[in-house]
Every structure is written in structure tokens, then in C-alpha cells.
Amino acid sequence: MDPISVTVERGSTVESIHRVHAVRVDSGSVTEAWGDPELVTFLRSAAKPLQALCLARVYETLTNEELAIASASHGAAPEQLEAVKVLLARSWSSEDDLECGPVDGSRLRHNCSGKHAGMLAVCAARGWPRVGYRLADHPLQEEIGKVVAAAAGALDPPTAVDGCGVVTFALSLANMGQAFGRLAAGELDGADRVVAAMIALPELVEGPGRTATEVMKELPGAVAKGGAEGVLCVGFPDGVGFALKCEDGASRALGPAAGAVLNVPALAEVPVENSRGEVVGRVLARPPG
């Protein structure tokens, strides 16, 4: 089947078209696909809930805020920054210990600071060096690699460096869907706590209007996380997982595409507004016939 077509329309004219590949995975098998289920791309920030499993496994008492922010791509809202500070305090770390780059002069404001704070906490619990925790040869990243590979059912997936300096993993969409189905079903050690935190605090995970947050608000019980370059993964408690990838990396196509694939009309069409707040167009998913 062809990929999902997401059009950007201004007035009666189609301004641009995005192609979104998507897959539905149940019990490790592809049950439906739009486009290429074996398309390989990087998980990017969609990996964060899987990376946070290591945090859940070494601390018996973590608040929902700590687990959610460790899984988050946040927008530096006050409540998100406060959650990062709380998680940093768990390992007696400070902003200076974060190895993500600064945003507006602050490493706390980087959208991956919660993930990095969680990684520092794991290092403190395991007695691992904190300096260089983001590098591929650090024991933390080696352990995370095993966790991600096992969740996805992938043997030794290719890796690269993510935007925040840690390791990122290349997987097929089918493998991504499998990983999120297993995550949501609680099949992975620590997954029940990570998923519960994300579901309880969807706006901490990304933010109002962001696709993963809106998916979790529209579909109670589902867990969702987006990644850079047009990636979105969604898992359901029955073990069904979805993965979506926009060919050209446009994140604005993900909400409408997810709305079409997940049958959520509220997400399938997004208004386009100008600087005056006037609706001047729409972003609309058109599933193949």
C-alpha cells in the first residue's frame, strides 16, 4: 500500500504534500502497513521511554514527574524545568553535569535535559563515571543499547549520535512498532512505571499541541513519543504498536497522519494560522484508497 499523503492546503490550493510511512504491529507481526514497514530510520527522541527503563530499574521510588521528564522532549515550561531539577537532585547533580548543549544559555532548557538527568541518576545508582555518560563506549550507553535492541527484536542495530550527544538507534518501522507495543503492554522490566507516568502527565512529556501529547490525551491508555525528523511511535495496552515516519522529516505531518492511522478525527486535520491568529489553511491526511 502507498504511504499516507498529508497535504498542506492554503485556500483552495495544495501548497505542499508530505508522504508518511506507517505500520501496525501486533505480537511482533506486521498486520497493516501504509508505505514501507521495513523502512529504516533513526528513533531519535522516540527512544526516550525505552532509555528511561534503565532509570526505572535502579530506583524503586520515583515520582511520575521524574519518570515522565526522563522520557520527555520538553518545551522548557516552568513545570518541566522544575521536574528536571528534581531528577538532577536525585543523583546530587547540577546543570553543569548535563552533557547536552545549552539552549538560550541554559542546559536545563535543552529539550533532552530530562533524559540526561535520568542518565546521570542511573550512573549514580550503578557507580559508573558520570563524565562521558553520553558516549557510545560508556557502560550506560552499552546497557541502553541492549535494552533497545531487545525491546525491538533487532540484533545489533546501527547507531549514530543524536542531536543532544547521546547514542541513537536505526530501526525499521516494524521494529519500532514492536518495541512500543511491548512497552505499552508492560512486557519490559520497568515499562509499567514509565508508561503510567507518561499517561498520567502527557503534557510534561512533550507539551500542549505536540502530537505525542495530543495522542495520549485523545486515546486514554495509549503511550506515544515523537522523535526528530518526523518520527512518531504509539503503543497500546493490548500490545499493538504503531510507528510513523514522514519521508521529508516534517513533524507537522505526524498529527494528521496519526489521526488517520489511529482513527482519531480530532487529529486528522490541523488548521494553519497566520500571525494574526486567522485560519488560512489546513494540514490534512489523505489515506491511500
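Predicted model: local features only at pLDDT ≥ 70, side-chain atom pairs only at ≥ 80, totals over all residues.

Biologist: How do the axes of α4 and α5 lie to each other, parallel or perpendicular?

Modeller: Helices here are DSSP runs of H or I with at least four residues, strands are runs of E with at least two, and both are numbered from the N terminus. Axes are lines fitted to C-alpha atoms, for helices over the stretch in contact, and angles run from 0 to 180 degrees between N-to-C directions. The axes of α4 (residues 78–90) and α5 (residues 113–126) cross at roughly 15° and come within 8 Å. Angles under 35 degrees count as roughly parallel, over 145 as roughly antiparallel, 65 to 115 as roughly perpendicular and the rest as oblique, so α4 and α5 are roughly parallel.

Biologist: Which residues of α4 meet α5?

Modeller: Contact means heavy atoms within 4.5 Å. On the α5 side, the partners are S113, G114, A117, G118, L120 and A121. From α4, the residues are V84, L87 and L88.

Biologist: How many charged residues are in that contact of α4 with α5?

Modeller: Ala, Val, Leu, Ile, Met, Phe, Trp, Tyr, Cys and Pro count as nonpolar, Asp, Glu, Lys and Arg as charged, and the others, Gly among them, as polar. The contact of α4 with α5 has six nonpolar and three polar residues. The number of charged residues is none.

Biologist: How are α5 and α6 arranged, parallel or perpendicular?

Modeller: Their axes come within 10 Å and cross at roughly 105°. M119, V122, C123 and R126 of α5 make the contact with L140, Q141, E143 and I144 of α6. Given that angle, α5 and α6 are therefore roughly perpendicular.

Biologist: And at what angle do α6 and α7 pack?

Modeller: In α6 (residues 139–152), A150, A151 and A152 meet N175, Q178, A179 and R182 in α7. The axes of α6 and α7 (residues 173–184) are 7 Å apart. The packing angle is about 95°.

Biologist: Which element gives the largest share of the lining of the largest cavity?

Modeller: On a 1 Å grid over the protein atoms alone, a cavity is a set of points where a 1.4 Å probe fits but cannot get out, while a pocket is an open set with protein on both sides within 12 Å along at least five of seven lines; lining residues have an atom within 4 Å of a point. The largest share, four residues, comes from α5.

Biologist: Which element gives the most to the lining of the largest pocket?

Modeller: The largest pocket has a volume of about 620 Å³. Of its 36 lining residues, the closest to the centre are E206, R210, T211, S251 and L254. By class, the lining has 13 nonpolar, twelve polar and eleven charged residues. The element that gives the most, with four residues, is β10.

Terms used. Residues numbered from 1 in each chain as written. Heavy atoms only, no water. Points joined across faces, edges and corners; volume = space filled by probe spheres on them.
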